[in-house]
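Welcome! Have a look at the chain first.

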Amino acid sequence: MNDTQQSVTEAAAPAESLGFDALPLSSQVRRALDEMGYAEPTSVQSATYGPAAQGRDIIVQSQTGTGKTAAFGLPLVDRLVSDAAQSQALILVPTRELALQNADELNRLSQHLGIGVSAIYGGAAMQPQIDQLRKGTQIVCGTPGRVLDHLRRGTLDVSGLRVLVLDEVDEMLSMGFARELGAILERLPPKRQTMCFSATVDDDVRRIAQRHMHEPEFIGLSSDAVAAAKIAHYAFMVPGKDRTRDLVRILELDDPESALIFCNQRSETERVAADLQAAGFNADWLNGDLPQKDRERLMGKTREGKLRYLVATDVAARGIDISHLTHVINYTFPESAAQYVHRTGRTGRAGRTGTALSLVSPRELGSLYYLRLQYKIFPAERSLPTQTELRTRQEVDRLDWLREAFQGTPAPMDVAVARRLLTHVDAERIVAGLVSTFLGASKSSDLDAEMASARRARSPERPHEDAPQHPTSDARAERPEAQRSGPQRSRPKQPARQARDVAGKSAQKPSPQKPSSTAKHARASQSDDKDQGELAQAWATLQLELGRLDGVRVREVTQLLRDRCGLTRARMGRIRIRDRYTRVSVPQAQAESILRKLEGQSLHDKPLNAVVAGA
Ligand code: AMP
């Protein structure tokens with residue numbers, strides 16, 4: 001590199017055949033990588049290792065999800081830091097989540113080297129952190145505010161510091177940490193190596209590099225490849241008037257396995273999640289208003305795959321490593337192109353493929369234009385699903401559910417009838433009648449009307465199930481998990497529920513600003529009850545406190561009710577299995593005796609508690 005110019009390296013593809021043999025790593029680190037299941041370095045790890053291990057200052061343009069933690073972690077633990085008991089490396093990160101994630105990854109990489117990593121962040125007690133630092137942990141990973149606090153108190157000794165890593169520096173600056181960064185940098189020994197990682201490199205980042213780094217080498221992905229190459233980008237042009245309805249339609253059709261759904265405003269997150277819950281999706285929200293404990297719990301649930309759709313703001317989602325996410329959805333389009341890159345970087349991580357979907361209203365076209373211009377990301381335009389497409393999707397779902405519901409071996413007599421039926425001149429009408437009896441009627445050609453009528457016609461337990469779900473912060477804290485989730489969609493979907501749930505949503509537009517919508521809905525339900533007359537009176541819904549996650553299947557529930565309670569299938573209403581509970585409609589008159597008979601029963605070796613739902 002010449003003296004005056006910053007050198008630029010393009011991140012190369014990893015040497016596939018060599019795996020980690022291409023890097024001169026110690027046997028201890030190789031062992032750790034094997035245990036972590038890392039077979040070969042990612043591009044950024046290959047490109048960073050050499051210059052970082054040589055002690056060079058580097059600016060690496062790399063977004064979260066590309067393996068950047070190990071990119072600085074490998075040279076750090078293997079070459080740059082010794083096992084001497086003093087703080088030798090400081091990693092500054094924008095959020096406590098990232099501090100914890102980075103510390104965890106570095107601890108795993110250095111597990112056979114006798115090197116320790118401490119995470120220090122705000123919102124946690126000082127004393128345990130002071131005790132940890134006093135032991136002389138070699139690597140300290142922390143958020144700027146808390147690190148500065150420790151520096152001012154003298155509880156973080158940086159006299160032996162040799163390496164500084166600024167991770168997600170653009171995020172730290174956009175979160176307003178510039179002052180803290182400046183104050184920290186002033187207190188660090190000037191003779192040190194500085195590595196800077198950032199998804200976007202703008203003037204602010206360059207200014208830091210100019211002032212605080214020594215002839216940094218720039219390791220970048222070309223700007224048209226900043227977004228992980230494995231992400232497919234799509235934009236739905238929407239009017240912007242009823243985004244949630246449009247979002248529901250998109251979810252109906254694309255059926256994403258898991259998604260982080262971004263909103264620009266924190267006030268939107270709760271409302272969108274409530275709408276999705278009302279539409280039957282397993283969704284929840286995350287924003288800065290939520291206490292840290294709840295945020296961690298929700299992220300944990302998302303990571304474990306127990307929560308399918310997490311609706312969040314940019315700030316709340318910062319630093320989240322949810323590597324399995326299949327989709328990132330922009331409910332509202334981000335105001336800056338850099339934000340788009342950050343958001344969509346949450347999917348397609350660690351070599352997986354991902355999909356980014358954006359709802360773009362006419363007002364947001366300008367931001368889409370800048371995204372194309374600045375990052376050469378050209379989301380393919382898609383149209384909102386038509387009613388025909390949604391109908392096809394529902395038909396497929398209904399079929400899936402029937403297949404799941406009838407997996408057992410049928411009685412020979414029933415098989416004989418089925419055979420006759422298949423060749424009968426009225427086969428179509430009879431089968432349609434059976435499907436309708438089992439899953440709920442569907443007649444109207446208009447989708448929403450059809451869903452609404454399915455709900456009215458076939459939901460004996462509707463008064464409980466369709467009650468609006470408006471999770472307010474207080475309610476969230478108080479309601480038990482099973483109730484909080486409300487009617488949920490999981491995979492495979494259950495079409496009758498789907499039809500009813502979407503109808504529930506269109507009948508009710510939950511809005512935190514309009515609490516009266518709940519009352520309105522309740523009134524609507526009452527008049528529906530009158531229409532339903534005796535049907536609604538004649539049934540009760542029982543809730544069994546075991547669900548899909550406990551391995552419960554429809555077949556087992558019917559068998560249990562038949563064998564233990566003497567209930568024929570004709571006397572059972574719809575059976576709906578949720579993640580943690582199961583609901584079944586039974587004749588009101590028999591409810592009490594069924595509950596008595598279920599006492600002491602078990603399923604899958606777990607006690608089967610049964611109650612009247614909503615009681
Ligand atoms: P990061 O960009 O550091 O947040 O990493 C994203 C995800 O990729 C994390 O879950 C890492 O554990 C994982 N990861 C990092 N490097 C590798 C590798 N070489 N092979 C497989 N997974 C990796």
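**Exercise 1.** Which residue in S7 does Ile 58 stand opposite?

*Solution.* Before we start, note that this is a predicted model, in which local features need pLDDT of at least 70, side-chain atom pairs count only at pLDDT 80 or more, and totals for chains, interfaces and linings use all residues. Residues are numbered from 1 along each chain as its sequence is written, and side-chain values use heavy atoms, with hydrogens and water left out.

Step 1: Find the strands. Strands (E, at least two residues) and helices (H or I, at least four) are DSSP runs, numbered from the N terminus. S2 covers residues 58–61, and S7 covers residues 193–198.

Step 2: Check the pairing. Two strands pair if DSSP finds at least two bridges between them; S2 and S7 have four and pair in the parallel sense.

Step 3: Read off the partner. Ile 58 stands opposite Met 195.

Step 4: Turn to strand S8 (residues 217–220), which is parallel to S2 and joined to it by three bridges. Here, Ile 59 faces Phe 218.

**Exercise 2.** Which residues touch the most other members of the largest nonpolar core?

*Solution.* Step 1: Define the term. A nonpolar core is a set of buried Ala, Val, Leu, Ile, Met, Phe, Trp, Tyr and Cys residues joined through side-chain atoms within 4.5 Å.

Step 1: Name the residues. In this core of 41 residues, they are Leu 74, Leu 76, Ile 91, Ile 139 and Met 195. Helix H3 (residues 68–80) gives the largest share, seven residues.

Step 2: Look apart from this core for another one, of 33 residues, including Val 248 and Leu 260.

**Exercise 3.** In what order do the strands of the seven-stranded open sheet lie?

*Solution.* Step 1: List them. The order is S11-S12-S10-S13-S14-S9-S15, with parallel pairing.

Step 1: Find the edges. S11 (283–286) and S15 (380–382) each have a single partner strand, so one side of each is left without a neighbour in the sheet.

Step 2: Zoom in on one pair. S10 (residues 259–262) and S13 (residues 327–330) run parallel and share four bridges; the bridge partner of Leu 260 is Val 328.

**Exercise 4.** At what angle do H26 and H27 pack?

*Solution.* Step 1: Recall the description. Two packed helices are described by the angle between their axes and the distance between the axes.

Step 1: Read the values. H26 (residues 554–565) and H27 (residues 588–598) pack at about 95 degrees, with their axes 10 Å apart. Axes are lines fitted to C-alpha atoms, for helices over the stretch in contact, and angles run from 0 to 180 degrees between N-to-C directions.

Step 2: Classify the angle. H26 is therefore roughly perpendicular to H27 (65 to 115 degrees; under 35 is roughly parallel, over 145 roughly antiparallel, and the rest oblique).

Step 3: See who meets whom, with contact meaning heavy atoms within 4.5 Å. Leu 560, Leu 561, Arg 564 and Cys 565 in H26 meet Ile 594, Lys 597 and Leu 598 in H27.

Notes:
Buried < 20%, exposed > 50% of the residue type's maximum accessible area, 1.4 Å probe, protein only.
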